[in-house]
Amino acid sequence: MDLRQLECFIAVAEESSFTRAAARLHIVQSAVSVTIASLERELHAQLVQRTSRRVGLTDAGNALLPKARAALLAAEEARNAVDDATGSVRGTLRLGTMSSLGLIDLAALLGRFRRDYPAVSVHLATASSNGGSPGLIHAVKEGAMDLAFVSIPGAVPSGARLTEVASTPLDVVTLPDHRLARKESVDLSELAEESFIDFPVGYGNRAVADRAFESAGLQRRVVIEITSITSGADFVRHGLGIALLPRGVGRARNGLSSLPVTNADLNWPISLAVPTNRTLGAAARAFERVALGTRFPATPQPPGPTGDH
């Protein structure tokens, strides 16, 4: 049993797909199948169940998974120890991110990091619709990711340390002929009867909005769930509802009005999640320094009383 076999097995387990595992590892799918079959022969056990509809783990596969992760982590820590001793920063950074990062220009940040540390390759993973920020935190705690950009309003989950890197108020975005569009601001209570376009439960901006309404003792109705800020603005434009989106989105999307909301805490925080149950490698520590040392743009000011048209 070698590390490459374990890396391949973990990729199949986490992706639930031979095709996606191959893409993640930058190898052909047949090589993934051959590697898993070789590992199964060596261990004298079936590890992966393949059906026409899904790929899952057997009981033996589920028993192997945490041990495989621990073995790869131990190997990574050994490499990190050598890198620390030699002053090298190399290897792979596994970075998780939400689908939208507000004021953080992730491409620019990664470009700066790669210029400073060209020997580090970056594997980027975006939160799935059923995982959101909690799923990213879990991946960081389990060692599937080194670091992650998350939004976790309220109590910090165990196993991770969060450092806020940016924050943006959520403004209400409407069509320009909406009953509220000509106001200078909107009280949260005025939104209680509206139909909302929002993110799934688990996403940070959804949690911010839900907490605000719950704190005010108000009910609201989410009629469409989306996973992209751009999609939210587009759905508003087509009259499907209103949305609470990061400040500046309405201004940037022609044909929409954007108004600040009063009597509510609608601040959307974005933080870098770092595991507390293990020591970060040199590449992850370097990215943490770059990310926390970057000054992100200030939050845009709210639009004027006539909104943005």
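Seventeen is the number to start from: the structure, a predicted model, holds 17 salt bridges, each being a side-chain nitrogen of Lys or Arg within 4 Å of a carboxyl oxygen of Asp or Glu. Side chains of opposite charge can pair when their charged atoms come close.

Arginine 69 forms a salt bridge with glutamate 142, and their closest N and O atoms are 3.9 Å apart. Arginine 69 sits in helix H4 (residues 59-86) and glutamate 142 in helix H6 (residues 132-142), so this pair ties together parts that are 73 residues apart in sequence. Helices here are DSSP runs (H or I) of at least four residues, strands are DSSP runs (E) of at least two, and both are numbered from the N terminus. Arginine 69 is partly exposed, at a relative accessible area of 22%, and glutamate 142 is partly exposed as well, at 39%. In these terms, buried means under 20% relative accessible area, exposed means over 50%, and partly exposed lies in between (1.4 Å probe, protein chains only).

Arginine 247 pairs with aspartate 171, with the closest N and O atoms 2.9 Å apart. Here arginine 247 belongs to the loop between strand S10 (242-246) and helix H9 (249-252), while aspartate 171 lies in strand S6, so the pair ties together parts that are 76 residues apart in sequence. Arginine 247 is buried, with a relative accessible area of 17%, and aspartate 171 also counts as buried, at 1% relative accessibility.

A further salt bridge joins the side chains of lysine 183 and glutamate 190 (3.5 Å, N to O). Lysine 183 is partly exposed, with a relative accessible area of 31%, and so is glutamate 190, with 25%. Elsewhere, salt bridges that share partners link Glu14, Glu15, Arg20, Arg24, Arg69 and Glu142 into one network.

Helix H1 (residues 3-15) packs against helix H2 (residues 18-25) at an angle of about 130°, with their axes 8 Å apart. That makes H1 oblique to H2, where angles under 35 degrees count as roughly parallel, over 145 as roughly antiparallel, 65 to 115 as roughly perpendicular and the rest as oblique. The axes are lines fitted to C-alpha atoms over the stretch in contact, and angles run from 0 to 180 degrees between N-to-C directions. On the H1 side, the residues that meet H2 are Arg4, Glu7, Cys8, Ile10, Ala11, Val12, Glu14 and Glu15, and their counterparts in H2 are Phe18, Arg20, Ala21, Arg24 and Leu25. By class, this contact of H1 with H2 has seven nonpolar, no polar and six charged residues. Nonpolar covers Ala, Val, Leu, Ile, Met, Phe, Trp, Tyr, Cys and Pro, charged covers Asp, Glu, Lys and Arg, and polar covers the others, Gly among them.

Proline 176 is found in the loop between strand S6 (160-174) and strand S7 (186-187). Proline 176 is partly exposed, with a relative accessible area of 29%.

Taken as a whole, the protein has ten helices and 13 strands. Its C-alpha trace spans about 70 × 50 × 35 Å along the principal axes. Buried residues make up 46% of the 309 residues. Among contacts (heavy atoms within 4.5 Å) with a separation of 6 or more, 74% come from residues 24 or more positions apart.

Residues are numbered from 1 along each chain as its sequence is written, and side-chain values use heavy atoms, with hydrogens and water left out. In this predicted model, local features need pLDDT of at least 70 and side-chain atom pairs count only at pLDDT 80 or more, whereas totals for chains, interfaces and linings use all residues.
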